[in-house]
Amino acid sequence: MSNWAPKRFWTEAKAIQVDGGHTVQLDGRSIKTPAKTLLKVPTAALAQAIAAEWDAQVDEVDPATMPVTRMANSALDKVAHQFSEVAEMLAAYGDSDLLCYRATHPDALIARQAEHWDPLLEWAADTYGARLVPVAGIMHQPQDSEAVARLSEQVYSLNHFEIAAFHDLVAISGSLVLALSVTANRLSIDEAWSLSRLDEEWQIEQWGEDEEASELAQKKRLDIVNAAWFLQASRNET
């Protein structure tokens, strides 16, 4: 595998306003996405964050340290052209939502899941008219199609920048309901992360923490925090 990485060739990264949004220029030249589209974002907050990521690069460009740039690229190069496919894939989580799959034992874990997850299912039912039903075990059991359709409507109501971030919220948490609760400001991202980790934290309490699993969890937590910030920043002009 090649270790080649693009070198830093610019002196200054600057966020600027353009017709219909904001972009970032490197020494006066606008950034483009990997598909050669102008990297234009809807808010100054996003553009400023992208400029900061580019300014933070030292000798070589490290995409792993540029989550805002990555999600903006995804919104423009992928979601904008495949919106229906991406939205449909995310909406499908409503039929297999993490919050619906409950332990069969021990009683303490069953009770903990009910205590922390049931209020979110009630919230989805009250807010969207979408009542999902908890089931015991891990085998898939289809949810009511009308409930899934109502949750799907919420996904399709997002724009392509929001969807780019929403993808990570859903995929990392495993829960459409948790992702929607963050989008609707029902939960903070820290609360949603903790709820998505309920089973894992139970296992840690019983058996102790695995170092490799802990490192992976920390990476996922950072990714989901970045996604939540991106989603809000794509909405709120500064």
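Biologist: How much space lies in the largest pocket?

Modeller: About 460 Å³ of space lies in the largest pocket, where a pocket is an open set of points on a 1 Å grid over the protein atoms alone, at which a 1.4 Å probe fits, with protein on both sides within 12 Å along at least five of seven lines. The volume is the space filled by probe spheres set on the points. This is a predicted model, in which local features need pLDDT of at least 70 and side-chain atom pairs count only at pLDDT 80 or more, while totals for chains, interfaces and linings use all residues. Residues are numbered from 1 along each chain as its sequence is written, and side-chain values use heavy atoms, without hydrogens and water.

Biologist: Which residues lie nearest the centre of that pocket?

Modeller: Those are Pro 63, Met 66, Thr 69, Arg 70 and Asn 73, out of 23 lining residues, meaning residues with an atom within 4 Å of a point. Helix H2 (67–79) and helix H10 (211–233) each supply at least two residues of the lining, helices being DSSP runs of H or I with at least four residues, numbered from the N terminus.

Biologist: New topic: why is helix H7 largely enclosed?

Modeller: Eight of the eight residues of H7 (residues 176–183) are buried, so the rest of the structure largely encloses this helix; buried means under 20% relative accessible area with a 1.4 Å probe, protein chains only.

Biologist: And what do they pack against?

Modeller: Their partners include helix H3 (83–91), helix H4 (107–128) and H10, with contact meaning heavy atoms within 4.5 Å.

Biologist: How many residues does the chain have, and what percentage is buried?

Modeller: The protein chain has 238 residues, and 44% of them are buried.

Notes. Buried < 20%, exposed > 50% of the residue type's maximum accessible area, 1.4 Å probe, protein only.
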